[in-house]
Amino acid sequence: MFLSRPRPVTVAPAQAFILHLILFVLIVVPTFALIGAEPHPALAARAAINVQTPMWPGVSYSDEIPTIESVLSYAKGTQISSHAQIRTYFEALSKSAPERIRLFDYAESWEGRTLFYAVLGSAANIERLDAIQTNIQTLAAGGSVDAKTLSELPATVWLSYGVHGNEISSPEAAMVTAWHLLAAEDDQLVDGVMQNTLVFINPLQNPDGRDRFVQQFRQASGPFPDASRFAAEHDEPWPSGRVNHYLFDLNRDWLAITQPETAGHIKAVQQWYPLAFVDAHEMGSDDSYFFAPEAIPYNPHLVNSQRETLQLFGRNNARWFDAYGFDYFTREVFDAFYPGYGASWPSYYGGIAMTYEQGSARGLVVRRRDGELLSYRETVRHHFVASIATAQTVSENRAQLWQNFIDYRRSAINADSNSGPASYIIPTQSDQGGAHDLGLLLRQHGADVWISNASFSACGKDYAAGSMVVNLNQPQRRLLRVLLDQQVDMDADFIATQLKRAQRGLADEIYDVTAWSLPLMFNVTTLPCSRTINTSNMRLLNRAGLATTATLPQAKVAYLIKGQDRRTNQVLAELLQRGITIKSSHLPITINDQQYPSGSLIIPVLDNVADIHLQVRSLTAIWPDLHIIALDNSWVTAGPSFGSDRTASLFAPKVALAWDSPTDVYSPGATRFVLERQFNYPVTPIRADNISRVQLDDFDVLILPDSRGEGYNTVFAEPALTALKGWIERGGVLVTIANAARWAAAEEVGLLTSKQQLKVTSATKPQSPASETGAEAPTGAGIISSADEYQQWLEPDQTPPQTTSGVLVKAVVDREHWMSASVADHVNVLVRGNTMLDPVQLDAGNNVVRFASADELIQSGYLWPDNIPQLAWKPFVMVQAQGKGMVIGFSEDPTIRAYLNGLNTLFSNAVLRAPAYTGKLR
């Protein structure tokens, strides 16, 4: 290809004069105007990043320890480092001082990034790490070490950074903290920390989210840091860097332990049981810095010594913040009630767990609402100072912290039998797979869980072989109480204060959910017992030990896998992908005098894949506890026969999931995770803006997860809404979750013949005397004769129900509907927000699952008094036919945080079984 030479551009004299005049106005005039004036915002923002101010004044550093600048080519706090850069720097530190720092890999993220932690200490302590760990494990088990060993045992502090990927300053502070501890020379504080303490630094808990933020920040940035909070570099696109690959808030995954980042972190912490644990976060740009003590309410299973020690850490942090002129606050916003945070879970093995929160620059510099500039470097420095101050507190209180830990663990083992149950028993039950999953999760939490080899009796009940026992005379007692107790009470005065706030129209101060009982969330029967159970004829629970020893005979007619077990639909998902022919009835069936629950899977031998026997046997390699029945005849004596039209032929549906804005950040990720990872079933995420351009007939199911803002109104503006309705009428299944169901029930949408309720109270506004006699009532409030009547007048006439933070409630299942296949009679639902939908009428659809009556509704947690009677009897799951297809509405999110395992079967029915009940031709 040939290119012609550019021709010179000629400018007429008049044009040249105008051009020079424009340049004079744009460049020279502003220059004179700036003399003696405020600098340009971009220059001011750059100046705010003052790299001259020492991070810790008065300390000299060794040149033998590499600085961030020497390794990464930029000064500390001037760039936002990626996961790879953070790893590179820690490896450089390890190479320069291998006798004082070691690195340990502990997990791999979904996107393949390695998570690691560093251990720093004196050369003598690093050399004997294995011996120190052995002694710690002895103490953690409730054992003893001799006085000399204990006196020489270094204290331990675990500093965790970057659990939310867009909370950017703490991973940078992790690098500065490690460098300071290794490079500081002749510093009494650092020398004391390194001599008396092992400092564990987990620099980045969420590398996938971190790199997502870093990538978008670098793409949006220019040569000048922009302090405007509306600048693109501060305005993260969906889903933001906060969450991991599956859009999970990793800080709330410490109960269910669903993500590899959390599972690896917990396992690493259990190897060392650090005496103090800090989780460093960020908050809004206009906030200062938060550290312990936390706000009320406190969880009642925290002991007094822990609450007292929080004061110790807070006061020392405050001393250093005062010295450097840093603002901070304590005892507000961030409470210590919910046990599922990274900064709360360690409390229940006996550690001191704390949240640190720094106002975020969300970039290199941001202008606060008061006009002041906050630089990234400042936020890094604040976290760094808090980290060193915390390590100092641990170092200087080594002996007392060890004694508190020892007392905590031993008191758990020797707890008074009058202080609660002595044991929990998980009996054999219909959902044995769910029971096993609960037991295995408790094992991940570090508990001893025993499975019986023979039947036994305890506390007036008989239990079959295979029942599980959790004795509470173990060091994890308080954690087990937190996980297994049905109710953990909040402080009564705190609740009273929240009720008063509600009366004034103020939001409550409850930071997270008020209920998290694992047996309720798994929908698994777990019974308390007042005595310790003899486990001499039992074995510790592990997955491999669940395998059945029975040999599966070769069936002549069919194999059957019983329903009402979480395994049933997991097996269904596996078999559908293998192309195996499967039938199932949503009603119980009886064969050979044996009744099998609804949803049982029937796998015919004839007219199936050639290696059907081998395929079925291979299932036990995936699920060792799976029970398969071989049938030599199909004679059904009760319930639908195999050939009945009430026995559905199931097929592998193609599933699409709305992705990206306007969906809620967490809901699509959890929904996708449940399907892809817990059911191993593929799903196609489609960006919501593209749904109107997608050929929906290529899919059998479309899931609309929870949403925010305007929700799906913009996605399904006409003609997209009409197209969606057409797809449903041709046989599509639309699954709507939480606010998506609320959208579907809106009158202008018309996909569900339900509607959102307004707040209903038992009180009525006082009437004026004229209105009571029938005369024309005057305008205004009339006569108000009491404080209660005054409060009633303040209530708006059209207001939604009061928002709830999170409560577990009971819901009743319609056993006759196909959606109930393999589902228990009752399930437990986490209710959050204020969605309350009317039941659909019988001529329009079915209320497959409804909330229980007011007196049976609350299973755990707190629900506002006015909400209880209004939520009672309302639908949780609605199914409404539309032509050949259907709309399924979940008023609450069944996949939230992927920890409501007891709802997994119900949700998977909406995806895996529903298409078989449409009129769509295959």
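Hi everyone. Let me start inside the protein: helix α14 gives the most to the lining of the largest cavity, with three residues. Please keep in mind that what we are looking at is a predicted model.

So what else sits around that space? L275, S305, Q306, G350, G351, I352, L401, N404 and F405 line the largest cavity. Two elements give two or more residues to this lining, namely α12 (304-324) and α14 (398-413). By class, the lining has four nonpolar, five polar and no charged residues. The volume of the largest cavity is about 60 Å³. How many cavities of 30 Å³ or more are there? The count comes to five. If you wonder how such spaces are found, rolling a probe the size of a water molecule over the atoms shows where empty space is left.

The largest pocket has a volume of about 930 Å³. It is lined by 38 residues, and the closest to its centre are D664, V665, Y666, R708 and R832. Which elements each supply at least two residues of this lining? They are α22 (666-678), α24 (739-744) and β34 (826-833). The lining of the largest pocket divides into twelve nonpolar, ten polar and 16 charged residues.

Next, charges. A search of the whole structure finds 31 salt bridges, and I have picked a few to show you. In one of them, the side chains of E172 and R210 meet at 3.2 Å, N to O. E172 lies in helix α8 (residues 169-183) and R210 in helix α10, so this pair ties together parts that are 38 residues apart in sequence. Are these two buried or exposed? Both E172 and R210 are buried.

Another salt bridge joins D700 and K920, whose closest N and O atoms are 3.2 Å apart. This pair links distant parts of the chain, 220 residues apart: D700 is in the loop between β30 (684-687) and β31 (701-704), and K920 is in the segment after α28 (904-913). D700 counts as buried because its relative accessibility is 8%, and the cut-off for buried is under 20%.

Then there is R501, which forms a salt bridge with E509, with the closest N and O atoms 3.7 Å apart. R501 is partly exposed, with a relative accessible area of 22%, and E509 is partly exposed too, at 40%.

Salt bridges can also join up. E167, R242, D249, R252, D512 and R897 are linked in a network of them.

R252 comes up again with a residue that has no such partner. D335 is buried yet has no salt bridge. How far away is the nearest side chain of opposite charge? That side chain belongs to R252, and it is 8.4 Å away. D335 is found in strand β10 (residues 335-336), and a polar atom of its side chain lies 3.2 Å from the backbone nitrogen of F337.

Let me turn to the backbone. Most residues other than glycine have a negative phi, and most peptide bonds are trans. Here are some exceptions. The peptide bond from W238 to P239 is cis, with omega near 5°, and P239 is found in the loop between α10 (207-220) and α11 (260-270). The bond from I296 to P297 is cis as well, with omega near 5°; P297 has its place in strand β9 (residues 295-298).

As for phi, C459 has a positive value of about 50° although it is not a glycine. C459 lies in the loop between β16 (456-458) and β17 (461-463), and its relative accessible area of 36% makes it partly exposed. W873 is not a glycine either, and its phi is positive, at about 70°. You will find W873 in the loop between α27 (867-871) and β37 (875-882). Is W873 buried or exposed? At 51% relative accessibility, W873 counts as exposed.

I'll finish with two pairs to look up in the viewer. G433, in helix α15 (residues 432-444), is buried at 1% relative accessibility. G433 and L903 are 470 residues apart in sequence and 14 Å apart in space, C-alpha to C-alpha. Q79 lies in the loop between α3 (68-72) and α4 (83-96), and it counts as partly exposed at 35% relative accessibility.

Note on methods:
Residues are numbered from 1 along each chain as its sequence is written. This is a predicted model: local features need pLDDT of at least 70, side-chain atom pairs count only at pLDDT 80 or more; totals for chains, interfaces and linings use all residues. Side-chain values use heavy atoms; hydrogens and water are left out. On a 1 Å grid over the protein atoms alone, a cavity is a set of points where a 1.4 Å probe fits but cannot get out, and a pocket is an open set with protein on both sides within 12 Å along at least five of seven lines; lining residues have an atom within 4 Å of a point. Grid points are joined across faces, edges and corners, and a volume is the space filled by probe spheres set on the points. Helices (H or I, at least four residues) and strands (E, at least two) are DSSP runs, numbered from the N terminus. Ala, Val, Leu, Ile, Met, Phe, Trp, Tyr, Cys and Pro count as nonpolar, Asp, Glu, Lys and Arg as charged, and the others, Gly among them, as polar. Buried means under 20% relative accessible area, exposed over 50%, partly exposed in between (1.4 Å probe, protein chains only). Lys and Arg count as positive and Asp and Glu as negative; His and the chain ends are not counted. A salt bridge is a side-chain nitrogen of Lys or Arg within 4 Å of a carboxyl oxygen of Asp or Glu. A polar contact is a pair of N or O atoms within 3.5 Å; within protein, one must be able to donate a hydrogen and the other to accept it, and residues adjacent in sequence count only if both atoms are side-chain atoms.
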